[in-house]
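Hello,

Here is the structure for your files.

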Amino acid sequence: MEVVILYYDFASNVLDVLFLCGIVIWINLSLKSNYYSRVLLGILFGLITIYVIKGRIEVVNDHFYDFRNITMTLAGFIGGPVTAITAAFIGGLYRYFVGGNGSMGGVLSIMIFACFGSILGRHVKGSQNGKRLLFWYFIGLVMSSISLLIIAFIDLWRNDTTIILRVIAGPVLIINPLATTIIFNFYFLISEFFRKASILNTILNFSPINLMIFNTSGPILQSENLKKQYSILNVIERLVQTEDCKRTFLNATKQLHREICTDDQRHYVADLCSFQLPSGEFACAAIINNVTDRMRDQEKLRGANDRFAKVFELSPHMMAIIRKSDYKYIDVNHRFLKVRGFTRREVIGKTPIEIGVPDSEFRRLMDALELKGIVHNTECSLVSKYNSIGTFLLSAEKINIDDQECILLAYNDITKIKRLQTERLKQLSKYLTLEKELSRSNQLIANIINSMPDSFYVLDDQGRFIFINNKAVELFQKTREKLIGKVYWDLFPQAKGTLLELYYKKAMDDRLPFTFEYESISYKDKWYQTTGYPSQFGLSVYYRDITEQKSAREDLIKSKEETVSILESMTDSFFAINSDWEFTYINGPAEKAFGKCREELLGKKLTEVFNLHEASHLNYQAAMNEKRSITYEIVSEMLGNTWVEIKLYPIENGLTIYFQDISSRKKSEEEMARLDRLNLVGQLAAGIGHEIRNPLTTIRGYLQLIGAKSDYAILKPTFDLMISEVDRANSIITEFLSLAQTKKTELKLQNLNDILEQLYPLLEADAFFQNKQIRFTLGEITYLELNAKEITQLILNLTRNGLEAMEEKGCLTIESYLQDDKVVLAIEDEGCGIPLENIKKLGTPFFTTKDTGTGLGLATCYKIVESHNANICVDSSPTGTTFYISFPIPSTEQENLIA
């Protein structure tokens with residue numbers, strides 16, 4: 001009997017808890033969720049907990065049990081931490097002041113279940129587990145187990161703990177899970193109800209949907225948007241009240257679609273669906289959409305289709321439509337038939353391949369169309385019925401005709417344009433060849449003048465230096481940069497009033513050449529023969545040192561011993577032969593050069609002792625026979641294949657020969673010649689580069705202006721091609737002008753590796769797209785004085801040259817390291833190498849082995865290396881080429897290295 005009473009008390013108590021919690025759940029869902037609503041919810045759950053504690057059930061003498069675990073878990077689950085804390089504070093405070101046995105255990109259980117509810121709400125509230133009965137029954141068992149564990153832990157030292165657990169374990173493990181399952185599923189059911197009600201309220205009051213629910217009596221529910229549209233509302237209400245509506249719409253078993261037209265020619269579409277109300281009566285839900293604009297668009301579309309058909313047929317270009325599924329022609333225009341020479345019957349139903357389009361070309365076009373969705377101006381060839389071949393620009397795009405996917409093809413005949421382009425390219429190629437030959441000739445003349453042993457310079461009509469050779473630079477004792485562009489009389493005011501000024505003015509006035517001799521103003525006891533040649537641009541002046549000739553008579557008076565002493569003291573080699581080619585004199589340096597003492601050579605023929613080079617033999621004969629001095633340079637085999645300068649001076653009975661090793665000078669001259677070529681290109685670029693750009697800009701502007709006019713729309717592809725060619729010419733001029741920059745490069749202290757690492761993604765992308773590899777090996781280097789922009793251009797030019805030189809899967813290696821107090825940048829490719837004859841030409845403007853190259857890339861690289869006071873070295877073999885650029889280390893960085 002006591003057990004039944006206990007179960008009854010438990011059931012009564014839990015029903016009170018379920019009722020009160022249900023009310024709070026309803027209140028919670030009715031309120032707007034915010035901080036204050038959660039606090040209010042916590043207060044309500046706290047009051048319910050107090051009520052539950054006051055109505056507790058006495059299990060054993062002076063031992064009570066209640067269902068506060070459900071209220072506190074529900075508080076944390078529904079309201080989160082704020083509600084849980086508020087409810088736990090109120091309930092715990094009440095339990096603490098009530099006192100009695102297990103007061104601390106009661107407070108602890110309140111806090112534990114508040115936390116448990118918060119955790120449960122955080123992880124379960126939004127998941128599917130919230131709607132499963134077994135899940136919540138399991139949660140109820142967990143809550144029951146926690147309650148029993150708290151009782152066992154708090155009353156562990158009491159003797160009657162086992163009795164209490166035995167009495168309450170059954171009711172708690174049965175009633176608590178059932179109550180938990182009921183209250184939490186009630187919460188989810190009520191939440192679902194409120195959610196659907198909220199959605200319906202939003203649709204009716206805020207959504208743009210025109211919704212009406214009606215039955216046989218008329219409208220039951222209408223959206224706010226529908227109420228605002230009175231014209232639609234009146235039409236729908238009249239439709240609802242018709243017998244056809246009551247008979248058809250309300251008894252339909254599937255969705256219906258009805259079109260409605262109003263008196264003001266507006267069109268509406270109603271989608272209707274019937275359903276049964278809780279009362280058993282049938283009702284219908286209707287969504288009404290205004291399709292007036294859509295109907296008008298359809299009318300416009302039909303008109304557009306008609307216009308398209310006319311444009312298609314009357315177009316001056318060839319046009320055709322093929323079906324995508326089998327690539328057969330379904331329509332072609334009159335121009336297509338006329339150009340190709342076919343009749344419509346011969347084309348319709350055939351594929352392009354069947355009427356002469358190359359199979360590979362057609363497949364390539366279809367692949368491009370599939371990839372991009374549209375093809376613009378792709379060049380192709382077409383064969384007519386009579387086997388004549390033409391060149392066309394083809395554009396293709398996917399279209400839909402009568403619900404089947406088709407392809408629209410448009411052809412622009414450019415056969416004549418291509419023929420003209422080919423002729424122009426041939427003509428341009430001839431012009432470029434002539435220009436290249438002219439440049440080579442000019443360069444050769446400049447090299448000859450620079451190599452002259454006599455001084456030569458050119459003044460313009462204002463007396464300014466515009467050219468000066470190496471010998472004249474030595475004569476004036478000023479650098480070329482300080483002379484070019486400066487007025488002669490300003491640099492040398494002491495020359496005013498001299499014969500030079502007199503002859504200069506006379507030559508410019510009379511346009512006649514002059515020759516005179518005078519003693520040098522700058523050099524004492526120096527005599528020069530000066531010759532001037534006037535022209536429309538100014539005056540070319542030729543200086544020849546005749547001091548030796550002037551002093552020849554004085555030198556004849558000197559004794560032979562003095563002459564021999566002088567010859568012996570010379571550091572350069574000297575010897576003399578008679579008319580029979582026998583040695584008559586050899587000085588000391590000549591002995592060393594020949595590797596033989598004079599006793600071995602004197603009296604012997606030169607041709608018997610040494611094998612003379614053919615050119616040397618001819619020069620010796622010419623000097624001896626013609627009695628003239630000859631100076632020439634040659635690679636001497638008998639002196640170990642070294643460059644020597646040989647001067648032949650005829651005497652009465654033979655020749656005197658002066659020679660010296662000029663290997664180092666030749667290297668310097670080659671470098672100076674290269675720099676002079678760059679300077680000449682720079683002058684040409686500065687002089688004509690901008691003048692060419694101005695007309696190019698005007699041409700491009702007018703091409704764009706004319707191409708934008710509708711009258712010339714047919715020629716727009718031609719204009720676009722011409723513009724692209726103008727842009728290409730402009731890019732070459734830009735590269736050409738970069739060689740003309742005379743502004744001193746601005747250098748900043750920075751690390752070469754930083755620039756390389758910034759360029760790495762770009763270089764890697766270039767290598768990837770060419771199916772090649774790139775390897776970076778960056779060593780530990782010091783900071784250098786660099787111009788980042790120019791170094792970037794240098795690296796890009798050299799790496800792209802290397803990538804272009806290699807086959808696919810080749811590897812380009814970029815290294816940086818320290819060597820001999822210099823930072824070395826090495827760029828190595830795995831190409832076929834550079835021929836030896838071409839290595840000497842590297843850096844020469846306009847020299848290139850590429851079909852589409854300009855020959856300015858490496859010239860720009862050499863100029864950048866020069867502006868950084870660096871050196872460039874090329875090592876090439878059949879297995880690859882390596883460019884080494886050695887940068888000097890700044891003095892501050894050298895001190896850091898030493899330290």
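Which residues of H13 are buried? They are Glu361, Phe362, Leu365, Met366 and Leu369. Buried means under 20% relative accessible area, exposed means over 50%, and partly exposed lies in between (1.4 Å probe, protein chains only).

First, the ground rules. This is a predicted model: local features need pLDDT of at least 70, side-chain atom pairs count only at pLDDT 80 or more, and totals for chains, interfaces and linings use all residues. Residues are numbered from 1 along each chain as its sequence is written, and side-chain values use heavy atoms, with hydrogens and water left out. Helices (H or I, at least four residues) and strands (E, at least two) are DSSP runs, numbered from the N terminus.

**Helix H13**

H13 covers residues 359-372, 14 residues in total. From first C-alpha to last, H13 reaches 20 Å, close to the 20 Å expected at 1.5 Å a residue. The expected span is 1.5 Å times one less than the number of residues.

Back to the buried set of H13: Glu361, Phe362, Leu365, Met366 and Leu369. Seen down the axis, these residues fall within an arc of 135 degrees, so they line one face of H13. The arc is that of the directions from the helix axis to the C-beta atoms. Ser360, Asp367 and Leu371 are exposed on the other side of H13. The cover over the buried residues includes strands E8 (318-323), E10 (374-383), E11 (389-401) and E12 (404-413). Contact here means heavy atoms within 4.5 Å. Just after H13, Gly373 has a positive phi of about 85 degrees.

**Helix H18**

H18 has twelve residues, 499-510. Its end C-alpha atoms are 16 Å apart, which agrees with the 16 Å it should span at 1.5 Å a residue. Buried in H18 are Leu500, Glu501, Tyr504, Ala507 and Met508. They cover an arc of only 135 degrees around the axis, which puts them on the same side of H18. Leu502, Lys506 and Asp509 are exposed, on the face turned away from the buried side.

What do the buried residues of H18 pack against? Their partners are helix H17 (488-491) and strands E13 (455-460), E15 (514-519), E16 (527-534) and E17 (538-545). Just after H18, Arg511 takes a positive phi of about 60 degrees.

Over to you.
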